[in-house]
Amino acid sequence: MASRAGFLSSSPAGPGSANPGAAVPTGGVRMAGMPPSAGGYRGLPSPAGQYPRPGMPPSRSMPMGGIGPMGSPMPGPSYGSGMPGRPGMPHSSLDPTRKRLLQQQAGGLMGPRRGIKRRKMADKVLPQRIRDLVPESQAYMDLLAFERKLDQTIARKRMEIQEAIKKPITQKRKLRIYISNTCTPGKPEGEEAEKVSSWELRVEGKLLDDPGKQKRKFSSFFKSLVIELDKELYGPDNHLVEWHRMPTTQETDGFQVKRPGDISVKCTLLLMLDHQPPQYKLDPRLARLLGVHTQTRASIMQALWLYIKSNKLQDCHEKEYINCNRYFRQIFACPRMRFSEIPMKLAGLLQHPDPIVINHIISVDPNDQKKTACFDIDVEVDDPLKSQMTSFLSSTTNQQEIAALEMKIHETIESINQLKTQRDFMLSFSNNPQDFIQDWLKSQSRDLKLMTDTAGNPEEERRSEFYQAPWVQEAVGRYVFSKVQQRRQELEQEEDADLR
C-alpha cells in the first residue's frame, strides 16, 4: 500500500501489508528558658574588672548582656556569646541549659551550619501562656486544627489518585466508520484516460463527540485490517488486502483499495481492535461460569478468584490448594490444583478476541447514490480525568504558595513569642525594680567570670589569708621547678645551635 492524502491505499498490483517507518539565626549564651531575641530592650554592659551601674552607657568593647531578673529571659545577646567554657573549669557550676547552649555554640565554631532549621507543625502552636493572655487566639487554634484535618484529607486523596493512575482508566466511546467507494468507467482507445474500468474503496472513521484537542488517527484504534474480496473474481492470490500494526507503523486517517472491475463486488472487512492492555476471549464453558466473555487477563484472574472465594473452593488446611467442583473438573480436567498452576492452565483457555465483521457491496452502478455506509462500534479510549489527575499531582504552584504562607505564619508566631518575652521583662522590672537589678547583676557576674575565663573566687583571692594555705608552698615549688626546666631546655637548644 502507498500513503496518499493521509490515507493508506492499495494499488491493483496485488495484496500488500502497509507498514511505513515510524533559613535560622543563632544568639549568645542565655539563662535557662530564655528564647533568642532579635531586638527590643538590651541589657546593661559589664566591662571587665568592674560591676555594671544602672544608666551606664553601653561599652563598645564588650557585648551586651541578656539575663533578666530571677533567671527570666531578656532580649539581646548575652555575655559569653560563642565562647566555650575553660577546659579545667568544673561543669557542675553550670546549669544544664547553659551547658547545652555552650556546647551548641562550640559546635557552631567548628564549621558552618548544616542547614536551615526545619519548620514543624508545633512551631505554629501558640503557647498556653499567650492563649491565657489573649482569649481571642482560640480562633487561631481552631483554624490550626481544621488545617491539620484538611492536610490529612488531601494527603489521603493524593495517595488514592497515585494508586488510581497506576491502573488503566478508560471510557467507552462510539467510533463511526464510513465505507464508501467510487468507480471510474473505462475509455475508448486513443483517449488520455484509463482504458479499464476500476473502482476505489475507502474506509475511514472518527470518534463521535470527541472533546480532545488532538484528534486520534483512525488506524490507531486497530491492530489489523483485512479486506476480503470476491475470490472468484480476483483469484486466490489477489483477493485479500491486509494491514497489520508493526512497531514502525505510522498512523493514518483511513485506508483505500483500488482494483479493476466494472461489476459490483461483495467484500468483507475484518477489523481487529487494538486493546490496551490486551484483552482475551474466554473458553465458552468458563465464560458462562464466570460471566465474563472478553476481558483483560487481570480482570479474568479477579473474576476467577471471586468465584473460588464465593464457592469456598480453597482448601481449609492447605491454603495453597483449590478443590475443584464439578464445573472446574470439566474445564481444568483435574480434581485439585495449586494456585500457582492457575495461570498455566488458564493460558490454554484464552483466545484472541473475535474481529469486527462488516459486509459491504462495492457498487459500480453510476445511478446508485447509496455508496456510503456508516457503522458505529464501541471503542475504549483514555479517560480525560487521568490527564487531569496527573497534572494535579505534578502541579507545584499551590505547594509554593502554601509554603510561603507557612513561612509567614512561623515568622508571626516567633514575633509573638519575642513580644511576650519583652512584656515579661518590663513587667518583672516594674513589679520589683530592686530585686530585679540585684538578680541581674548576679547573672552578669556569672557571665563575666565565664567570659574572662576565670576559675575560682576572685573575692577570696584578693585577701592575703588565701596565700597562707598549706598548699601554697607546694604550688610555688612546682611553679619554680617548671620554670627551671623550661629555661634548661632553652639553654640546651642554644648550645646545640652553636655546635652546628
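Biologist: Why is Y479 called exposed?

Modeller: This is a predicted model, and in it Y479 has 52% relative accessibility. Exposed requires over 50%, so Y479 counts as exposed. Y479 is found in helix 13, residues 471–499.

Biologist: What makes V476, Y479, V480 and V484 a nonpolar patch?

Modeller: Nonpolar side chains are joined within 5 Å, provided that each residue has over 30% relative accessible area and no salt bridge. V476, Y479, V480 and V484 form such a patch on the surface, and together they have about 360 Å² of accessible area.

Biologist: Is L350 buried or exposed, and how do you know?

Modeller: L350 has 13% relative accessibility. Buried means under 20%, so L350 counts as buried. L350 lies in strand 13. Leaving aside neighbours within four places in sequence, L350 is in contact with Y280, K281, L282, R297 and I300. L350 and Q279 are 71 residues apart in sequence, yet 9.4 Å apart in space, C-alpha to C-alpha.

Biologist: How do you know that strand 9 and strand 10 pair?

Modeller: Pairing takes at least two bridges, and 3 bridges join strand 9 (residues 279–282) to strand 10, in the antiparallel sense. One example is Q279, whose bridge partner in strand 10 is T296. The open sheet has 3 strands in the order 10-9-13, with antiparallel pairing.

Biologist: What makes strand 10 and strand 13 edge strands?

Modeller: Strand 10 (294–296) and strand 13 (350–351) each pair on one side only. Helix 6, residues 297–310, lies across strand 9, strand 10 and strand 13 and runs at about 100° to strand 10.

Biologist: Why is strand 4 called mostly covered?

Modeller: Of the 10 residues in strand 4 (residues 198–207), 7 are buried. Strand 4 also has two antiparallel partners to consider. Strand 3 (residues 170–184) is joined to strand 4 by 10 bridges, with L175 partnered by L207. Strand 7 (residues 254–260) pairs with strand 4 over 7 bridges, and there S198 stands opposite P260.

Biologist: What makes K124 and E147 a salt bridge?

Modeller: The cut-off is a side-chain nitrogen within 4 Å of a carboxyl oxygen, and the K124–E147 pair is at 3.0 Å, N to O. The pair links distant parts of the chain, 23 residues apart: K124 is in the loop between helix 1 (96–110) and helix 2 (128–133), and E147 is in helix 3 (residues 138–164). Both K124 and E147 are buried.

Biologist: Why does the pair D424 and R129 tie together parts of the chain?

Modeller: D424 and R129 meet in a salt bridge at 3.9 Å, N to O, which is within the 4 Å limit. D424 lies in helix 10 (residues 397–431) and R129 in helix 2, so the pair ties together parts 295 residues apart in sequence. D424, at 28%, is partly exposed, and R129, at 40%, counts as partly exposed.

Notes. Residues numbered from 1 in each chain as written. Predicted model: local features only at pLDDT ≥ 70, side-chain atom pairs only at ≥ 80, totals over all residues. Heavy atoms only, no water. Helix = DSSP H or I, 4+ residues; strand = E, 2+ residues; numbered from the N terminus. Contact = heavy atoms within 4.5 Å. Axes fitted to C-alpha atoms, helices over the stretch in contact; angles between N-to-C directions. Patch = residues over 30% accessible without salt bridge, like charges linked within 9 Å, V, L, I, M, F, W, Y side chains within 5 Å. Areas by Shrake-Rupley, 256 points an atom, 1.4 Å probe, with all protein chains shown as cover. Buried < 20%, exposed > 50% of the residue type's maximum accessible area, 1.4 Å probe, protein only.
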